[in-house]
Amino acid sequence: IAYPNALNLPVKVSEVPSFALGYLELAQKMSFLASQINKGALESIKVTAEGEIASYLEPLLTFAIVGGAKQSLGENVNYVNAAFLMKEMGVEALTKEDKNTSGYKNKICVKLTTSGGDTTTICGTMFDENTARVMNINGFEVDVEPKGKMIFFKNSDVPGVIGDVGTTLSKHNINIADFRLGRNQHKEALAVIIVD
């Protein structure tokens, strides 16, 4: 990760152990992804963590703010001014340590709430220092590497949808690099498609 204005960072990256650095980047990516899914005006951002990574909630929050605010503030938000800008905009920034009950050694979640009370929650983990995974999006269990161009859609969990989507993308000469599907108990499915 490159850290612009590293000398002024409120987070002392040199004091963060190497295992935690990947989680900082993951928090930023998940928050950015949540802001793409939920495009309303940001009202609050909350980072929860379980496991040893919960000792680094404040740095995680800083990186999550940068990711979540990029949609509306662009390059005006950075690691130095992120917390200040959220306060100035009246956006609530929260952290919480959870009990480690998920079965993962470490897990982080980012929850963005926007105008109208809409929320998007994304959870993820690192399988080693270089392998980030998004494991849950709004209650749908998935296993997705957070990179590249992604298409998301939610639909009724019925036969034929995957075939129709594949056909539609093929007609537009769009190649599928990865296709992940999560389901919930309400007979809904969430597809995450990574395209070339």
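Me: Leaving aside neighbours within four places in sequence, which residues is asparagine 106 in contact with?
Reply: Contact here means heavy atoms within 4.5 Å. This is a predicted model in which local features need pLDDT of at least 70 and side-chain atom pairs count only at pLDDT 80 or more, while totals for chains, interfaces and linings use all residues. Residues are numbered from 1 along each chain as its sequence is written, and side-chain values use heavy atoms, with hydrogens and water left out. With those neighbours set aside, the residues touching asparagine 106 are Phe19, Tyr23, Glu50, Gly51, Glu52, Ile53 and Thr125.

Me: Is asparagine 106 buried or exposed?
Reply: Buried means under 20% relative accessible area, exposed over 50%, and partly exposed in between (1.4 Å probe, protein chains only). Asparagine 106 has a relative accessible area of 4%, so the residue counts as buried.

Me: How many Å separate the backbone nitrogen of glutamate 52 from a polar atom of the side chain of asparagine 106?
Reply: A polar contact is a pair of N or O atoms within 3.5 Å; within protein, one must be able to donate a hydrogen and the other to accept it, and residues adjacent in sequence count only if both atoms are side-chain atoms. Glutamate 52 contributes its backbone nitrogen and asparagine 106 a polar side-chain atom, at a distance of 2.7 Å.

Me: How many salt bridges does the structure hold?
Reply: A salt bridge is a side-chain nitrogen of Lys or Arg within 4 Å of a carboxyl oxygen of Asp or Glu. One of them joins lysine 70 to glutamate 75, with the closest N and O atoms 3.7 Å apart. The number of salt bridges in the structure is eight.

Me: How many residues apart in sequence are the parts that arginine 183 and aspartate 157 tie together?
Reply: The side chains of arginine 183 and aspartate 157 form a salt bridge at 2.6 Å, N to O. Arginine 183 belongs to strand β8 (residues 176-183), and aspartate 157 to the loop between β7 (149-156) and α4 (161-171), so the parts tied together are apart in sequence by 26 residues. Helices (H or I, at least four residues) and strands (E, at least two) are DSSP runs, numbered from the N terminus.

Me: Which residues do salt bridges that share partners join into one network?
Reply: Arginine 180 and aspartate 178 also form a salt bridge, their closest N and O atoms being 3.0 Å apart. The network joined through shared partners consists of Arg133, Asp143, Glu145 and Lys147.
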